[in-house]
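Me: I have a protein structure to go through with you. Can we take it in short questions, starting with the aromatic rings and then the nonpolar cores?

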Amino acid sequence: MASMKGVKLTEMISRAVFDVNVVPDFANQAFLVAGCGGSPLPTFTVPDGNVVLRRGNAKVRVSLTNSDASECIDNRIDVGVATARTLGLINKRRYNVRFDSVDRSISFFRKPVSRTSIATRIGSTVVEINTNGDRTITRITDNEIHVSAIGVVLLGILKDQLLLKRGLVTKRVRLQAGTDIFVEPFIQVTPNTAKMFGLFEEDTPVAFNQISSVLRIHPGK
C-alpha cells in the first residue's frame with residue numbers, strides 16, 4: 001500500500017529548472033515559456049488557468065498562460081513586480097521549480113549554482129556549425145572565453161565578465177556568447193588559457209555561480 005502511494009506522488013509532482021523574468025505592469029499574471037524543443041534543462045508544462053505560486057510560507061495566486069513557442073532554448077517564467085516582491089524572487093535568477101498538479105501550485109527553490117559537464121575546445125578561432133550545416137567563424141583572445149548559446153543557458157550565465165577558477169588558479173575573462181541556438185553546447189578557450197588551467201579537448205565538469213559569476217573548472221562535489 002505504501003509503494004502505491006509513492007507512485008501516485010510521483011505522478012502528481014513535476015520538477016524543472018526555470019529562470020525568473022520580472023515584468024513591470026504584469027499584475028496577477030504569470031507567463032510560462034516551457035515548450036522549448038532545444039532547452040538543455042529539465043522542464044514541464046502547466047495547463048493554462050489559475051495557479052498558486054509559492055516560496056517558503058509566501059504565496060500568490062495568479063492567472064498562468066503558456067507560450068506556444070517551440071524554437072527556443074530557455075525555460076522561463078515571467079511574473080509581475082508585486083509577485084516577485086512577495087515571493088522574494090530575483091529577476092534573471094535561476095530556480096528549481098516544483099509543480100503539484102493536485103492543488104495547482106508552483107513552488108520555487110533557489111538554484112544559484114548550475115553544474116554540468118560540457119565539451120571543451122581549445123583554439124583562438126571559434127568555428128560553430130549548426131544542424132543545417134551553416135558555419136560561423138569568430139576569434140577569441142587570451143582574455144576571452146567563448147560559450148555557445150545553449151552552453152550559456154545550460155550554465156545560467158548572466159554577465160559578460162566571468163572569473164575562471166580551478167583550485168587556486170584564477171583568471172578574469174570576458175564572455176563571448178554564441179547566438180545560434182542550433183549549435184551544441186561547448187566552451188572554448190585559447191591555448192594559453194587551456195595551459196594555465198590544465199584543460200584538454202574533452203568533456204569538462206564545470207559549475208557556474210550566478211551570484212559571484214565564478215565559473216569553476218573541475219569543481220568537485
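Me: Are F18 and F44 buried or exposed?
Reply: This is a predicted model. Buried means under 20% relative accessible area. Both F18 and F44 count as buried.

Me: What kind of pair do the rings of F18 and F44 make?
Reply: Planes under 30 degrees apart count as stacked, and over 60 as edge-to-face. The ring centres of F18 and F44 are 5.4 Å apart, and the planes stand at 50°, so the pair is tilted.

Me: How many residues apart in sequence are the parts that F18 and F44 tie together?
Reply: F18 belongs to strand β1, residues 13-23. F44 is in the loop between β2 and β3. The pair therefore ties together parts separated in sequence by 26 residues.

Me: Which strand holds F99, the partner of F44?
Reply: The rings of F44 and F99 have centres 5.9 Å apart and planes at 35°, so this pair is tilted. F99 is buried, as is F44. The pair ties together parts 55 residues apart in sequence, because F44 lies in the loop between β2 and β3 and F99 in strand β6.

Me: Which residues have the most contacts inside the largest nonpolar core?
Reply: That core has 24 residues. β1 gives the largest share, 4 residues. Those with the most contacts inside the core are I106 and F108.

Me: Which ring does the charged end of R121 sit over?
Reply: The charged end of R121 is 3.7 Å from the ring's centre. The ring belongs to F186.

Terms used:
Residues numbered from 1 in each chain as written. Predicted model: local features only at pLDDT ≥ 70, side-chain atom pairs only at ≥ 80, totals over all residues. Heavy atoms only, no water. Phe/Tyr/Trp six-rings, centres within 6.5 Å; stacked < 30°, edge-to-face > 60°. Helix = DSSP H or I, 4+ residues; strand = E, 2+ residues; numbered from the N terminus. Buried < 20%, exposed > 50% of the residue type's maximum accessible area, 1.4 Å probe, protein only. Lys NZ or Arg CZ within 6 Å of the ring centre and 35° of its normal. Core = buried A, V, L, I, M, F, W, Y, C linked by side-chain atoms within 4.5 Å.
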